[in-house]
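Hi everyone, thanks for having me.

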Amino acid sequence: KTCIWTYMSCHVGAATPTCDEITPDLCELRQTNDSLVVKGLRLNYWRFEASPPSGLANERLPIVMVHGGPGWSHDYLLPLKQQACRGRTVYFYDQVGAGVSERPVSAKASAPHLFDIDYYPEELAALIRHLGLRRFHVLGSSWGTIVAQLFALGPNSGGLAGLVLSGPLSDATLYIRSQWDPTEGNLGAMLPPFVQRRLRALDAARDFGSAEYRALAKAMEARFTVRTYPPPDCYTRASGLMNDEIYVGIQGASEFTIGGVLAGWNITARLPALGALPTLLTAGRFDTMRPPLLRAMAAAIPNSRTLVLPHSGHCSMIDDPKLMNDGVADFLGCVESGACAAAATPPRGAHSPGSVPRQRGEEARTAEGIDAPSDGGGGVYHRLVRVGGVDGCVEASVSATTASAFGGTEGRCKGVGYTVPTGSQAIPFCCTVQGFKRPPLSSGASVLQSAVAGGRREPLALPPLLAWGGLLLWVGVWLGRRYERRRSGRAARDIL
């Protein structure tokens, strides 16, 4: 019997699910594997294609997946092989020193370049040359987003059509600071005060090897890294194949601190050089990559879009496999059709994730919602959800198509706390970067649940007509009382 401090209090002997079981719409796939040598060390890679091949196989560009860690294997990314069912070739690989690629007995002694961040985009470029890819997409996850950003900014990125950064990181200091943010952080806003104090004390003492720190890190992993419980086989396999020497040497002791080579690393100022390259940023609602970090990256990348997965921790491809695969496929289709060639433009009056204004001390929030359908003629990309809310979303059109999906009619969206009139009822909407979400309603109450504010509820704003009606009613009551007082005074004088 194993009890874990998480959203599930105790779990007894459940069978470990497979990643194939948790991945919807998975088809028959043909898998091949091979290897190449990079700087004298063997790198293994895998190729997935639909079997039989889809008629779109020669039309859609291949995608190369870059795993995280550092020092993990590609296995936890395997739910994304479902992209092959949509007509494209999908490549995974294990970075040298990780997974089942060649692992030196002592990397520091025999392969010190494995601790040089700049080696890894060169390794990716070597794989792409070996595969002979002329045009392609790259998806990086976690540490893999660092590799993917450096590759996209480097001299070997010719042919790169689209970039997906899942659980992205561009500033190591902001990465930790945003986790401890008191309103938006996973550590600073979602953990009990006592746990926060213990984590800070252990971090200050650098006591990462203690039993207490390891227990806390394991518990937080179940809340913020992978929330699917028990974790599927592809995640446990990737974890079991981790190269601790490389992980600690580059990342530090855990996902909740920073150390090693990454300490102080910051590439945000270089991101504008990505130019018109279409880029999709994805993150889980409970991700270790928090909204302040996403906003900074979205502001710096000229042609960026943001997708927030509502049920996910850091591993969105496991916690939200359908939404993640759908979002990636929609984005890649958008890139290949040419519709994403220009910089993403928020709806009229809305703000991009990187420029959410902070007014009167309001913190940006996310609101979990239901996907609205794509809006045929209006260019609505319904799964690209902005991280932000009340103070960053002012006004945008809600089409009849979108509103009718929820039993409504055409109207206007004015952000969290406002409503779209629908005859007999009013439906609250939340503006997003290029689409609309309907946040969940509590039973019988006209309130929205804030997703990041620790369960605090925000009341819906009153429509202007009701506000004026209330004012007129108050004035009427005040005048009535004044009249009664004067009348009583006259009556008293008559008696005297």
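Let's start with a strand: which residue in β6 is the bridge partner of Val64? It's Tyr91. Before I go on, a bit of housekeeping. This is a predicted model, so local features need pLDDT of at least 70 and side-chain atom pairs count only at pLDDT 80 or more, while totals for chains, interfaces and linings use all residues. Residues are numbered from 1 along each chain as its sequence is written, and side-chain values use heavy atoms, with hydrogens and water left out.

Okay, back to β6. Strands here are DSSP runs of E with at least two residues, helices are runs of H or I with at least four, and both are numbered from the N terminus. Two strands pair if DSSP finds at least two bridges between them. There's also strand β4, residues 41–50, which runs antiparallel to β6 and is joined to it by four bridges. One of the pairs there is Tyr45 with Tyr93 of β6.

So what about the faces of β6? In a regular strand the side chains alternate between the two faces of the sheet. In β6, residues 90–93, Val90 and Phe92 sit on one side, Tyr91 and Tyr93 on the other, and all are buried. Buried means under 20% relative accessible area, exposed means over 50%, and partly exposed is in between, using a 1.4 Å probe and protein chains only.

Zooming out, the protein has 15 helices and 19 strands. Of its 496 residues, 55% count as buried.

Now the inside. The largest nonpolar core has 73 residues, and Leu124, Val138 and Leu199 touch the most other members. By a nonpolar core I mean a set of buried Ala, Val, Leu, Ile, Met, Phe, Trp, Tyr and Cys residues joined through side-chain atoms within 4.5 Å. Apart from it lies another core, of 38 residues, including Trp72 and Met317.

Next, helix α8, which is where Thr225 is found. Is Thr225 buried or exposed? It counts as buried, because its relative accessibility is 7%. Leaving aside neighbours within four places in sequence, its contacts (heavy atoms within 4.5 Å) include Tyr235, Glu255 and His314.

Compare that with Gly333, in helix α13, residues 321–337. Gly333 is partly exposed, because its relative accessible area is 33%.

The peptide bond from Gly69 to Pro70 is cis, with omega near -5°, and Pro70 is in the loop between β5 and β6. The bond from Tyr229 to Pro230 is cis too, with omega near -5°, and Pro230 is in the loop between α8 and α9. Then there's Asp25, which has a positive phi of about 60° although it isn't a glycine. Asp25 is in the loop between α1 (19–22) and β3 (29–38), and it counts as exposed because its relative accessible area is 53%.
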